[in-house]
Amino acid sequence: MIEKKWWMQAVGYQIYPRTFYDTNQDGVGDLRGIITKLDYLNELGIDLIWIGPFYRSPMDDNGYDVSDFYDVDPMFGSLDDAKELIEKAHAKGIRIILDLVLNHTSDEHPWFMEARSSVDNPKRDYYIWQKGKEVEGKLLPPTNWGSFFEGSAWNYDAKTEEFYMKIFSNKMPDLNWANPELREEMFKVARWWLDQGVDGFRVDAIAHLARDLSFTDSELPLNDHGVAPDWGKFSNREELFDYIHEFNEKVLSHYDCMSVGEVGGGAKIEAGVRYAGYDAQAFNMVFNFDHCWSKGGMDILNDDDKMIVDVVQLKENMAYWINGMKDKGWLPHYWLNHDHPRVISQYGDPEHHHRLSGMMLGTILLTLPGTPFIYNGEEIGMTNVDYESIDDFKDVWVKNNAPALLKKYPLELVLRHLRRTSRDNARTPMQWTDEVYAGFSTVEPIQKINRNRSWLNVEAQEKDEQSILNHYRRLIHLRKNPEYLETLVFGDFALLDPKNPDVYAYTRTSSQKKITVIANFRPTTIKFEHQAKALCLSNYLDTKLNVTELRPYEAIVFEE
Ligand code: GLC
Ligand code: CA
């Protein structure tokens with residue numbers, strides 16, 4: 001029997017502060033905006049929020065490039081606002097976790113400014129420096145390793161004539177976790193925020209803290225940028241687990257807090273258990289990305305019309321983690337975060353079955369075992385962007401990579417590609433009303449709003465019993481209902497008909513109840529037989545107990 005903790009029963013909600021709600025009318029979301037919307041979250045049934053980074057930052061990567069961990073960026077408000085937010089959320093029974101960025105700082109962080117000033121500066125070793133390689137009179141980076149956001153994993157610094165490591169953008173130098181003094185500094189940051197009353201952390205990019213310190217070239221073939229995309233050089237490496245254990249021992253274990261690490265692709269169950277096993281003394285959960293890309297390849301040349309969701313793969317990837325972690329560790333579930341396309345555009349059908357497919361996706365998320373996280377706007381079925389100009393895309397990845405794409409492909413193809421893959425898809429302003437700035441602000445927002453705000457918004461869905469929003473409310477209500485909680489949160493999970501190419505179906509079983517969830521992923525009627533005893537919830541009003549076929553995107557929760 002596992003020990004039951006508050007965060008296991010929580011329903012989480014991720015807020016991207018920049019585009020959630022603007023209270024001082026400068027076009028940027030702010031902390032007071034989150035305070036204003038606490039009642040909205042409360043009515044939805046949310047009791048845990050993860051807020052994206054709001055530390056002081058030059059915003060090269062929208063706040064993941066931190067220049068002061070102990071202050072709030074003026075763009076988002078003040079420290080007093082943060083404290084008030086924590087207090088007011090707690091008063092409503094909502095816990096708050098922050099995004100803790102441990103892998104890197106901004107190049108404008110005072111540590112880095114000192115570090116780059118001379119090779120013998122005491123902060124030099126907080127970062128990772130190497131000399132370049134002279135090849136045929138040219139100075140090349142120390143290794144051929146690639147980075148996630150642009151070209152090499154190294155950037156040259158003229159002042160001291162060395163390269164610093166950076167696996168994200170040039171403005172995000174990597175911290176050197178092999179240095180014990182640096183580790184203490186980062187632990188201090190975490191403690192300080194826990195002492196301000198936050199309830200834990202989503203720990204950013206956690207897989208990368210340890211690197212191959214032999215700094216030898218990768219053997220992998222070089223990509224278009226002339227670098228090797230060899231993430232193994234700085235992902236899921238042995239020493240990383242020592243750092244996490246130390247973090248747990250010195251910080252996390254002293255608080256009643258929760259932690260969820262982000263490990264991205266590449267990690268398997270063995271690593272998952274080391275990151276977030278019940279006995280691992282590491283984190284409470286880890287996010288993986290395995291279920292995020294089951295709609296064809298997201299390759300630039302793939303034709304939109306021909307891409308359909310690979311339901312079998314999606315089920316397999318999710319079941320792999322659920323079954324693999326069973327009795328070993330707790331899992332978080334989510335459809336998307338701020339780095340992914342909108343799930344309704346990926347796996348649903350916003351054009352022809354917006355309401356039904358949005359409800360269907362919510363049905364799955366909220367009936368899986370583990371802790372669900374809803375991403376802001378998902379609960380109304382917000383969609384990918386409709387941008388027609390490259391300039392509308394604001395993400396640092398697009399800025400760094402669009403020029404090369406445009407040299408290779410026609411504009412229309414690049415735009416189509418970005419409209420389905422870009423991180424901007426999840427970052428447009430929250431659509432609160434049908435007003436010109438979607439009730440997000442009264443001035444032009446920092447990021448362009450989707451035109452569908454005219455019909456797709458919170459206000460319209462509040463009034464409509466059969467909206468996605470109200471369905472999410474019903475689902476959360478069901479999950480939290482004491483009669484169902486034991487089964488839906490803690491119960492066993494088993495796929496039904498795993499090879500069915502169109503239907504995602506499973507049972508949830510506890511000593512108290514058996515629940516069956518059946519979801520059609522297609523815009524067409526699909527044959528499927530099931531005989532149930534009672535209906536809990538459906539996205540159709542006339543679902544019968546004797547099922548012979550499923551209507552488009554039909555999603556049913558039965559009780560047996
Ligand atoms: C994580 C964040 C992402 C950010 C990156 C670097 O993957 O989710 O938004 O760009 O880390 O901090
Ligand atoms: Ca603002």
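Domain bounds here come from an automatic or database domain assignment. This is a predicted model, in which local features need pLDDT of at least 70, side-chain atom pairs count only at pLDDT 80 or more, and totals for chains, interfaces and linings use all residues. Residues are numbered from 1 along each chain as its sequence is written.

**Exercise 1.** Which domains give residues to the lining of the largest pocket, and where does the pocket lie?

*Solution.*
- Step 1: a pocket is an open set of points on a 1 Å grid over the protein atoms alone, where a 1.4 Å probe fits, with protein on both sides within 12 Å along at least five of seven lines. Lining residues have an atom within 4 Å of a point.
- Step 2: the volume of the largest pocket is about 1,600 Å³, counted as the space filled by probe spheres set on the points.
- Step 3: 50 residues line the largest pocket, and S147, F148, F149, W231 and W397 are the closest to its centre.
- Step 4: domain 1 (6-104 + 180-462) and domain 2 (110-165) both contribute to this lining, so the pocket lies between them.

**Exercise 2.** Which element gives the most to the lining of the largest pocket?

*Solution.*
- Step 1: helices (H or I, at least four residues) and strands (E, at least two) are DSSP runs.
- Step 2: β11 (200-204), β12 (258-264), α8 (311-325), α11 (396-408) and α12 (411-421) each supply at least two lining residues.
- Step 3: α11 gives the most, with six residues.

**Exercise 3.** From which domains does the lining of the second largest pocket draw at least three residues each?

*Solution.*
- Step 1: the second largest pocket holds about 920 Å³ of space.
- Step 2: among its 30 lining residues, K295, D304, S345, P350 and E351 are the closest to the centre.
- Step 3: domain 1 (6-104 + 180-462) and domain 3 (492-559) each supply at least three residues of this lining.

Notes:
Chains lettered and ligands numbered in written order. Heavy atoms only, no water.
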